[in-house]
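Here is a briefing on one protein model. Keep the sequence and the structure in view while you read.

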Amino acid sequence: APVAAADLAELDGLFRPGLRDYKAKVFRQRLQDGYLCYGAWIDNRLVALDWVATDSDYESTSRVQLTLSAGSCYGLDLNEHPDYKDQGIGLSLLSYALDDCRKRGFERQYTIVHGINKTMLLTSTQLFGFKPIGKIWTRKVLGGHRASWEIDGRSGSGAQLTL
């Protein structure tokens with residue numbers, strides 16, 4: 001179901017204590033910026049959260065500003081409450097979000113799955129039909145970070161990437 005600003009209090013327990021304040025700040029900012037937020041609830045408890053950007057997003061791990069082409073959206077930051085892991089709740093929420101995005105007119109959804117997350121790489125391709133379209137590499141250069149990518153046959157580098 002959609003999640004709104006009034007649900008901020010429900011974030012308790014969804015994130016490690018050291019992350020809660022940061023995630024609450026991100027939660028408020030994303031809602032203000034027009035991101036779509038989906039939640040899974042069990043017994044009035046928010047147990048999973050999934051975000052979708054509809055025009056752009058700053059991908060902090062690779063330090064790249066993603067800009068989305070018309071008809072595209074970007075799924076990010078799928079989280080499950082630790083007490084509810086391995087029950088398929090995150091996958092169900094992702095399925096719901098994908099369906100809702102199609103109903104909203106998005107023809108494709110991009111996401112970045114980190115190479116170490118083998119479970120999500122397999123699941124997103126086998127269950128949801130996602131197709132790997134490229135890779136992003138980030139390396140430290142002269143005290144900063146530099147991203148390079150190969151996406152859909154295009155190569156580039158820098159802090160901007162249009163999908």
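**Cavity, helices and pocket**

A search of the whole structure finds one cavity of 30 Å³ or more. A cavity is a set of points on a 1 Å grid over the protein atoms alone where a 1.4 Å probe fits but cannot get out. Grid points are joined across faces, edges and corners, and a volume is the space filled by probe spheres set on the points. This is a predicted model: local features need pLDDT of at least 70, side-chain atom pairs count only at pLDDT 80 or more, and totals for chains, interfaces and linings use all residues. Residues are numbered from 1 along each chain as its sequence is written, and side-chain values use heavy atoms, with hydrogens and water left out.

**The cavity**

- The largest cavity holds about 30 Å³ of space.
- Its lining consists of Phe-15, Lys-23, Val-26, Phe-27, Arg-30, Leu-49, Trp-51 and Asp-77; lining residues have an atom within 4 Å of a point.
- Helix 1 and strand 2 are the elements that give two or more residues to this lining. Helices (H or I, at least four residues) and strands (E, at least two) are DSSP runs, numbered from the N terminus.
- The largest share, four residues, comes from helix 1.

**Helix 1**

- Helix 1 has 16 residues, which should span 22 Å at 1.5 Å a residue; the end C-alpha atoms are 24 Å apart, which agrees. The expected span is 1.5 Å times one less than the number of residues.
- The buried residues of helix 1 are Lys-23, Ala-24, Val-26, Phe-27 and Arg-30. Buried means under 20% relative accessible area, exposed over 50%, and partly exposed in between (1.4 Å probe, protein chains only).
- Strand 1, strand 2 and strand 5 are among the elements that cover these buried residues.
- Gly-34 follows helix 1 and has a positive phi, near 90°.

**Lys-23**

- Lys-23 sits in helix 1 (residues 17-32).
- Which residues does Lys-23 touch, not counting residues up to four places away in sequence? They are Leu-11, Phe-15, Asp-77 and Asn-79, where contact means heavy atoms within 4.5 Å.
- Lys-23 has a relative accessible area of 14%, so this lysine counts as buried.
- The side chains of Lys-23 and Asp-77 make a polar contact at 3.1 Å. A polar contact is a pair of N or O atoms within 3.5 Å; within protein, one must be able to donate a hydrogen and the other to accept it, and residues adjacent in sequence count only if both atoms are side-chain atoms.

**Aromatic pairs**

- The whole structure contains three aromatic pairs. Rings of Phe, Tyr and Trp (its six-membered ring) pair if their centres lie within 6.5 Å; planes under 30 degrees apart count as stacked, over 60 as edge-to-face and the rest as tilted.
- Phe-27 and Trp-51 form an edge-to-face pair, 5.6 Å centre to centre with 75° between the planes.
- That pair links distant parts of the chain: Phe-27 in helix 1 and Trp-51 in strand 2 are 24 residues apart.
- Tyr-35 and Trp-51 have ring centres 6.4 Å apart and planes at 80°, so this pair is edge-to-face.
- Tyr-35 lies in the loop between helix 1 and strand 1 and Trp-51 in strand 2, so the pair ties together parts 16 residues apart in sequence.
- Relative accessibility is 14% for Tyr-35, which counts as buried, and 2% for Trp-51, also buried.
- Ring pairs join Phe-27, Tyr-35 and Trp-51 into a cluster.

**Helix 2**

- Helix 2 (residues 89-103) has 15 residues and reaches 21 Å from first C-alpha to last, close to the 21 Å expected.
- Its buried residues are Ile-89, Gly-90, Leu-93, Leu-94, Ala-97, Leu-98, Asp-100 and Cys-101.
- They pack against strand 1 (36-42), strand 2 (45-53), strand 5 (72-80) and strand 6 (108-111).

**The largest pocket**

- The largest pocket holds about 1400 Å³ of space. A pocket is an open set with protein on both sides within 12 Å along at least five of seven lines.
- Of its 44 lining residues, Leu-76, Asp-77, Leu-78, Asn-79 and Asn-117 lie nearest the centre.
- Strand 5 gives the largest share of the lining, seven residues.
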